Amino acid sequence: MGEASAHPDLVRVTVDDREVEVAPGTLVWDACERAGVFVPVYCAHKKLEPVAVCRMCLVEVEGMPKLQPACATRVADGMKVRTLTEQVRKFRDSNLEFLLLNHPLDCPVCDRGGECDLQDFTQRFGPGRSRQSIQQKVHFDKAIPLSDKIVLDQERCILCWRCVRYYEEVTGEREIVLQQRGVHTVVDTFERQPLRSQFQGNLPEICPVGALTHAKYRFRARPWDLRRTASICSHCSYGCNLFIDARDDQIARYASSDNEDVEDSWLCDRGRYSFPEYNGRERVTAPEAVVTGGRQVVSHREAVARAAGQLLRIISDRGPEAVAVVGSDLMTNEEAFVLQWLAREVIGTPHLDHRLRPTPHLDPADFELSIAGIEECDLILVLGEEPERLAPVLTLRLHKAATKRGRRVERLQPPYAWTEVAQPQRVGVISSELDRDAGAAIRDQLRGAGHTAQLLTIMERVNSRGCQDMGLLPGWLPGYLAAPQAGMGLPEILQSSATGKLKALLIVNPSAELEAAPEFEAALRGVEAAVVVTPHPGAASRGASVLIPGRTIVEKAGTVTNAEGRVQRVRAAIEPSLTVPTDLRTLGELAEALGTSLGVSPMATPVYEKLAAAVPAYRGAQAGMRARWGSGG
Amino acid sequence: MEGAQPVPDGLVLTRYQGAPGLTTLDGYRKVGGYRGLARALEMGPEAIVAEVKASGLRGRGGAAFPTGTKWGFLPQGVFPRYLAVNADESEPGCFKDRVLIEEYPHQLLEGVLITAFALQASHAFIYIRGEYRKQRELLEAVVREAYRAKLVGKRILGSDFGCEVVVHGGAGAYICGEETALLDSLEGRRGQPRLKPPFPAVKGLYGQPTVVNNVETLSNLPYIVTEGGAAYAALGTEASPGTRLFCVSGHVERPGTFEVPMGRTTFRDLLELAGGVWRGRKFKAMQPGGGSMQVLGPQHLDVPLDFKAVADAGSSLGAGALVVMDETTCMVEVSRRLVDFYRHESCGKCVPCREGTYFESQLMHRLEEGSASAEELASLADICAGMDGRCFCPLGDTATWFVMSAYRMFKDEFDAHVGAGHCPVRAGVGAAA
């Protein structure tokens, strides 16, 4: 700051003698935060409308006789706010004493201990003593299962209403209500009906105390036991930012981050509670190779050498086109880029793919509409149920657009069409990749009618978009350049392997669908060499001639690209319990052994530089920007 | 009887007292009912508002806000607008709206219609407390009768003005007398006060501009329209114009409601209208405005029923309920009962009211039993300081007013309870008897 000349459209507010300039209509609480002054509050939440019920944030405002709630009072030019006066201090003392009157003394067994606002504010601002005897506490029900995911402790509740308001404002489902009144007030479900929302997991996070807790996290850890890693949810293509909280080599929970451009701080339960799949699932523990007489455990170095040897023999005997390369959309951009390079440049085969389902004709125009941009559209057309089934958090963005921004949201049923003629307006069309053609047709038709129309195509997996951008496809090079020679897609690769037309397969991080496909086992039987890099045992590991342990997505670093083309970092949240090299390193070593050097260190950052040189849209995007695909994106 | 005896021509609300069949349309018409409505429709909205401003009428629900000014807060040109009639009379010691509904229901309805016309409100909702079941049924019958007579509904009395009237029963919560809680309850939500601003005049019932007026306030309208605002104002004094219906209860010989001119009547006059302190006992204290207001003592008996004079004495006329306490009354017990009332009625929305009333009540129970320590009694002021002016709405604030004023005025009596093991006042009375 420093310049005395103010923005004409800003107002000046003084907080404890610190002056800040904020937009008119800013809440006093936010102005305090801008001034670097912390004001304790329980009921207010950045994503919810103010209610001013906890009174914890009462502050002095010059000229007003009573203390004012900072969370609900709007600034005025020249306003003087004081948060450290004797009057404020005394009231905070009183209010915390009130809050603790009927609060149980079970911090030692409360999941929230160590990250509880009631504990923290009491330590920082509270009286440090109680004047009421423990016998006089009002008791309520404890450990009520509201569903298989959420447990409610009514005694610990301080009635901030965040959960009630969350359901009213964010999901619109109203599953939790206030009941009774006065000191007997409780939050509960109506007639104790179980919660049905698919967004329940956000409740314990907005709860400022230990009243709402995750069933899956109960008694699992203390916050100081956890190592927190910022990453991306691996469960769909929406790319929700989150924190992975791990205790030793186990993930204890996923916690919301707050990226307003993507998940807007809300996670769906499917994603949030998906982490047990990374805890204790059976792993490929050691490299193995078929040596004369059968498969045996070998060193990593030997496994890579044998893999290269088998592939080189087939390339020299049958030519490079006897080899096919298969990845999956669980791979990072860096891995996908290196794998397609390995196929095309090192081995020299056009046969590569990453998914069983044929890939529709896609191009960057299919994700012009950004997730946050949904809110800016006057009209939002959603094609069927598939987009929200694939990416549940999309539902909350649509709800926000409709309720907080007053946008019109229409969910269409097949056959998809939109014929209503209206004033030219901004229209967002959202389709799943299956309905991409219908979505594009509606978009083009609306554009023809003078509207500004953009499409967002929701993909299936965490890096479905990135694998396509990276050209891990038979017909497309990185950056959607047509391949000089279109190779076989995965279904054809499997068929050709089974019939013996293909002689070798290189399979990295196979998807669950591929592992479950009967054609896959036949394919593995049909080829002479199957080099497999995978974290989990399955059809691929069983049929491998060389097997190399791989990493799961929570064990690796790199970038993934979400449905709107946003390039976001995944980080290793846990280490595999055994020494497993990263997939990127294994691929780099394999290339080296095949006679071509990657040219850069097989680490996420240098490989990203390399891929960004090939795909200019990705330049500078690795810190969470959307890839810039020319004028459209 | 000495003092200001109400003279029949000085009455407004109860001027038809004793006339037969007032709860029927015929009976009310015989005494001149609905002439005010006809007159209002001729006058037009602006002229009515001018008369109400001239009358100096102030809200009779407790806050005494000037009625004409309140109406003026409605934003220009925003429709529909609503009128909500606050018949959620639940202040301890208050029963005047009940009398106005039971005895003069058509007068209320006429006042409602005049006001709705003045505000150009399309709907009027009479929100009546849940416990007033018979009164609700009576009002419903009166409204039905008025519909049949084309006094309510479309084209009232052949004019272009139409207004629907709905009678809605509450579910038994003191807080629903607070105007925004009333609106939430009326909308079918949990009855709890709303965050202000926006105020109801701007964004009230169903998000539309809304005026909330008390039953007594609106019952004055037929008189003001027919006799003129100046005539109404002249009944009282300049600072406190008009008349008011006071509820006198407690330790008096003849409890009841009494319409008296404002400003020219004293508490002593009211007490005498009610037959004086009962059983020949001595006057000890009084609550001048219902359960929420500060206690006054014998030295205040000659204070006139004037807003400023009562405020100077340290209290308020509130909702117009005078509760009289004789010499045998234990002020700790009265305080405890009132604090229990607020604990029971706290809606639970904000922390200081929800927890503070509970804390207060626990302490007062122990004090009354004589088991509280001096430190505990000393913490009463702290507890109340954490509530007064800190709560979301006035309920929690007022939950401290009586007990704190009683503690100041009768400190010896509170102190005598500390560690006494019993109530010293009652013990003393027992010994004297």
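Q: Why are helix 8 of chain A and helix 17 of chain A called roughly parallel to each other, rather than roughly antiparallel?
A: In this predicted model, helix 8 (residues 333-347) and helix 17 (residues 583-594) of chain A pack at an angle of about 10°, with their axes 10 Å apart. Angles under 35 degrees count as roughly parallel, and the two helices are therefore roughly parallel to each other.

Q: What makes the contact between helix 8 and helix 17 of chain A, and which classes of residue does the contact have?
A: Helix 8 of chain A contributes residues including A:V338, A:L339 and A:L342, while helix 17 of chain A contributes, among others, A:L584, A:L587 and A:L590. By class, the contact has 10 nonpolar and three charged residues, and no polar ones.

Q: How do you know that strand 24 of chain A pairs with strand 25 of chain A?
A: Two strands pair if there are at least two bridges between them, and five bridges join strand 24 (residues 504-508) to strand 25 (residues 529-534), which run parallel. Within this pair, A:L506 stands opposite A:V531.

Q: What makes strand 15 and strand 17 of chain A the edge strands?
A: The open sheet has seven strands in the order 15-14-26-25-24-16-17, with mixed pairing. Strand 15 (294-297) and strand 17 (352-353) each pair on one side only, and this makes them the edge strands.

Q: Which helix of chain B supplies the largest share of the side that touches chain A?
A: On that side, 25 residues of chain B are in contact with 26 residues of chain A, and helix 15 of chain B supplies the largest share, nine residues.

How values were computed. Residues numbered from 1 in each chain as written. Chains lettered and ligands numbered in written order. Predicted model: local features only at pLDDT ≥ 70, side-chain atom pairs only at ≥ 80, totals over all residues. Helix = DSSP H or I, 4+ residues; strand = E, 2+ residues; numbered from the N terminus. Axes fitted to C-alpha atoms, helices over the stretch in contact; angles between N-to-C directions. Parallel < 35°, antiparallel > 145°, perpendicular 65-115°, else oblique. Contact = placed C-beta atoms within 7 Å. Nonpolar A, V, L, I, M, F, W, Y, C, P; charged D, E, K, R; others polar.
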